[in-house]
Amino acid sequence: MDNGTYTLLENLSQHMTAEEVLYAGMKGLVAAEISMWRQKNGMTQKEFGKLMGVSQGAVSRWESGEENFTLETLAKISVRLNIPMQCPLAADQQKPGYTKPAASRSGQNSHTSATRRPTWKNAASSV
C-alpha cells in the first residue's frame, strides 16, 4: 500500500480500539492472502470451493473479509493452497529490531494492547 492509503486507514481508525484495528488488519491480510494463493494455484472461486467442500459464495466471503475464520478452517485452507502458515501470536525473531519484551514483576509482558496501539503500517508488515 502507498503512504496515502496508510494515511487514510490511520484517519479512519482513530475511533477504533487497538483490538479493532488489529482485527481489521488481520482480517484484510488473510482475505488477500487466500485470494492471491487461490489464483497462484490457478483455481476459480468455484473450483476452490469444491475442493474445500463449500460454496463459491463462501470463498467469495473469505476473500472479501466478510467471513470470520476458525483456526481449523485456516489450517484447511493453508494445506489445500500450500500456504506457509505460522502462529500469528508468535514473535518473528528473525525481523530486524526484534527485542524480547521484558517481563514485569507479575510475570506478564510489560507491553499490552492497552498501551501499544497497532498501526496499519506495522499490521501489514507483520503478516
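This is a predicted model: local features need pLDDT of at least 70, side-chain atom pairs count only at pLDDT 80 or more; totals for chains, interfaces and linings use all residues.
Close-up 1. Four residues of H3 are buried: Gln45, Phe48, Gly49 and Met52. Viewed down the helix axis, these buried residues stay within an arc of 105°, so they line one face of H3. Their packing partners are H2, H4 and H5.

**Close-up 2. The opposite face of H3 and the residue that follows the helix.** Lys46 and Lys50 are exposed, on the face of H3 turned away from its buried side. Gly53 follows H3. The phi of Gly53 is positive, near 80°.

**Close-up 3. Packing of H3 with H5.** H3 spans residues 45–52, and H5 spans residues 71–81. The two helices pack at an angle of about 115°. Their axes lie 11 Å apart. H3 and H5 cross with right-handed geometry. From H3, the contact draws on Phe48, Leu51 and Met52. From H5, Lys76, Ile77, Arg80 and Leu81 meet them. By class, this contact holds five nonpolar residues, two charged residues and no polar ones. Phe48 and Met52 are also among the buried residues of H3.

**Close-up 4. Packing of H2 with H4.** H2 covers residues 18–40, and H4 covers residues 56–64. The angle between them is about 125°, with the axes 6 Å apart. On the H2 side, the contact residues are Ala31, Ile34, Ser35 and Arg38. On the H4 side, they are Val59, Trp62, Glu63 and Ser64. The contact of H2 with H4 divides into four nonpolar, two polar and two charged residues. Both helices also take part in packing against the buried residues of H3.

Close-up 5. The protein has six helices and zero strands. From the N terminus on, the elements read α-α-α-α-α-α. The chain has 127 residues, of which 24% count as buried. Among contacts with a separation of 6 or more, 63% join residues 24 or more positions apart.

Note on methods. Residues are numbered from 1 along each chain as its sequence is written. Side-chain values use heavy atoms; hydrogens and water are left out. Axes are lines fitted to C-alpha atoms, for helices over the stretch in contact, and angles run from 0 to 180 degrees between N-to-C directions. A crossing is left-handed if the near helix is turned anticlockwise from the far one by less than a right angle, and right-handed if clockwise. Contact means heavy atoms within 4.5 Å. Ala, Val, Leu, Ile, Met, Phe, Trp, Tyr, Cys and Pro count as nonpolar, Asp, Glu, Lys and Arg as charged, and the others, Gly among them, as polar. Buried means under 20% relative accessible area, exposed over 50%, partly exposed in between (1.4 Å probe, protein chains only). The arc is that of the directions from the helix axis to the C-beta atoms.
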